[in-house]
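Hi,

Here is the structure I promised to pass on. Have a look at it first, and then read on for what turned up.

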Amino acid sequence: MRIATKIISGYAVLIALMAAVLVYQVVSIHYMQSINKNLSGLTFSAARTSIQLMRDRDLVEEYTKKSFIVENPEQYVEKLEEFKEGFASDLQNLKHLGRSEREQVEINRLVQYWEEFCQALARELAVLSTGVMPEELAEHLERLRAQVLTVHQASLRAIEAEVAKAADTGARAEWISWSAAAIALVVSFLVSFVIVRSISEPLHHLTEGTRAVAGGKFFYRLDTSRNDEFAQLAKDFNTMTARLNELDQMKKDFVSHVSHELKGPLASMQETTHMLLEEIPGPLTEKQKRLIQLNLLGSKQLSSMLENLLDMSRLEAGVMEYELTTQELVSLIQTVVSQLEPLAIEKTIRVEADLPAKPLIVECDGDRVIQVLSNLLGNAIKFSPPGGVIKVCAFSAAALPETMPASWRKKVTEGGDSAGFALVAVSDSGPGVPDAHKERIFEKFHQVKQGKKISGQGVGLGLAICRTIAEAHRGAIWVEDNSNHGSGSVFWLLLRLGSSQEGVTHRTSSPL
């Protein structure tokens, strides 16, 4: 189901539920208004009329007695006739006001009693004799009094019934409203949960995919089995990554091919330059030698870049091989220092080596470790100002250093137990590495922009290759600020200590 359909369906259910509750509320209010109308317009009127009947009955009784007691009853008889008419009129109104079945029964009985009283009164007035009111009339009047009271009580009970009905309707409406609100809340939660889940899950996968692509993993693919808009988005994403993967592979193939093709001519150029410097074709002036030396230096830098490109191509293809043997780390460091010391002297930079007298035995590929150390020391020479000092130190440690980044600490810990670790630190007095770039400088082609480009600066592959080599040795490489100097950086290389046995050699492939 499409996302838009889910949203419309879910909220349509909520709207329908709310509309049903609204209709019920309107009906309930209308019904309660009807009850209130009955209470105010009819039931209370019946109660008031029954009270008036009580008063009329009392007046009828009073003037009936007077009509039979006094010597000249004519005026009282006339008054009695008026009150009889009033009683009859109120009784007739009461018949129309009575709503309940009980009221109608009692009113009809009152009408019967009233008619019997009127008939008895007419007979007695026909033979009117003064003195005492006849007992028959007294009995009829007593029955009228009792029946009027009964009718009044029936009216009060009708009022109570209507009030109870209104209260019951209000309570039921309140219960249904709360129930509907609870159901609406649950339904809204379920609808929101389904909608959020149907959106958040593919968005999470899409986020992972974009991060993977940003990290160069163009082989990443999204699930296209859904039947919604995200499935089409996933298909377009997969098409994009497939195309990017093709372009990336074409780039890698091009870089690898061009690097291989340039190595031959570059080697011939360097050989020719060496022959010129050896003055085999003929003698050279000092100025000519200087120019040829600059040409040789440039060709070496270009050769180093090509080697880095070829190494990166091997690493990305997963064909980089390491020949691990038992090596003495101090001697490897001394080799690198002796190779790069002339370059440091040329820039009037002093290289200080603080190396232990006790050998540091590690299991490593000696050439690859020399490549890492050469890169670190070469970068220190490039970025240190003239007259600066570069320090190279090495030592062993039983545990991982506290300043080691958490990401590297986790990798080294997952790499297995070790008898100890060998650490190499190369510190310089250059501009340093900003905190935001301390991890990113080990990514391919990443360079810190600090003013104009420094002479001899590469293309940003050296440290990425160093990181891969360190990972292949189950070691680590990271950078810190040079707090002792106040500026500059300290690059750390961590390797696992090995046994002192020699001749142990085996080959392994890069994890990439």
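How many helices and strands are there in the protein? There are 10 helices and 8 strands, where helices (H or I, at least four residues) and strands (E, at least two) are DSSP runs, numbered from the N terminus. Before you dig in, keep in mind that this is a predicted model, in which local features need pLDDT of at least 70, side-chain atom pairs count only at pLDDT 80 or more, and totals for chains, interfaces and linings use all residues. Residues are numbered from 1 along each chain as its sequence is written, and side-chain values use heavy atoms, with hydrogens and water left out.

Now, how far can you trust it? The pLDDT is the predictor's confidence in each residue, from 0 to 100. Its mean for the protein is 78, and 83% of the residues reach 70 or more. Confidence is highest in S5, at a mean of 92, and lowest in strand S8 (residues 506-509), at 32. Over residues 501-512 the pLDDT stays under 50, so please read that end with the definition of confidence in mind.

On to the overall picture. Of the 512 residues, 37% are buried (under 20% relative accessible area; exposed is over 50%, partly exposed in between, with a 1.4 Å probe and protein chains only). Take the contacts (heavy atoms within 4.5 Å) with a separation of 6 or more: residues 24 or more positions apart account for 77% of them.

Next, the sheet. Five strands form an open, mixed sheet in the order S2-S4-S5-S7-S6; two strands pair if DSSP finds at least two bridges between them. At the edges are strand S2 (350-354) and strand S6 (476-481), each pairing on one side only. From one strand to the next, the twist averages 15° (axes are lines fitted to C-alpha atoms, for helices over the stretch in contact, and angles run from 0 to 180 degrees between N-to-C directions). Helix H7 (residues 329-346) packs on this sheet and touches S2, S4, strand S5 (421-427) and strand S7 (489-496). The direction of H7 makes about 10° with that of S5. S2 and strand S4 (residues 389-397) are parallel partners over 5 bridges, with Asp354 opposite Cys393 in S4.

Helix H10 (residues 462-472) lies across S6 and S7, at about 130° to S6. Is H10 mostly covered or uncovered? Mostly covered: 8 of its 11 residues are buried, including Leu463, Ile465 and Ile469. After H10 comes Arg474, which has a positive phi near 55°.

The whole structure has 7 aromatic pairs (rings of Phe, Tyr and Trp, its six-membered ring, with centres within 6.5 Å; planes under 30 degrees apart count as stacked, over 60 as edge-to-face and the rest as tilted). Why is the pair of Trp478 and Trp492 stacked? Because the planes are at 10°, with the ring centres 6.1 Å apart. Trp478 lies in strand S6 and Trp492 in strand S7, so the pair ties together parts 14 residues apart in sequence. Both Trp478 and Trp492 are buried. Elsewhere, ring pairs link Tyr63, Tyr76 and Phe83 into a cluster.

Last stop: Pro134, in the loop between helix H3 (101-126) and helix H4 (135-214). Pro134 counts as buried because its relative accessible area is 17%. Beyond its neighbours within four places in sequence, Pro134 is in contact with Phe68 and Glu124.

Cheers
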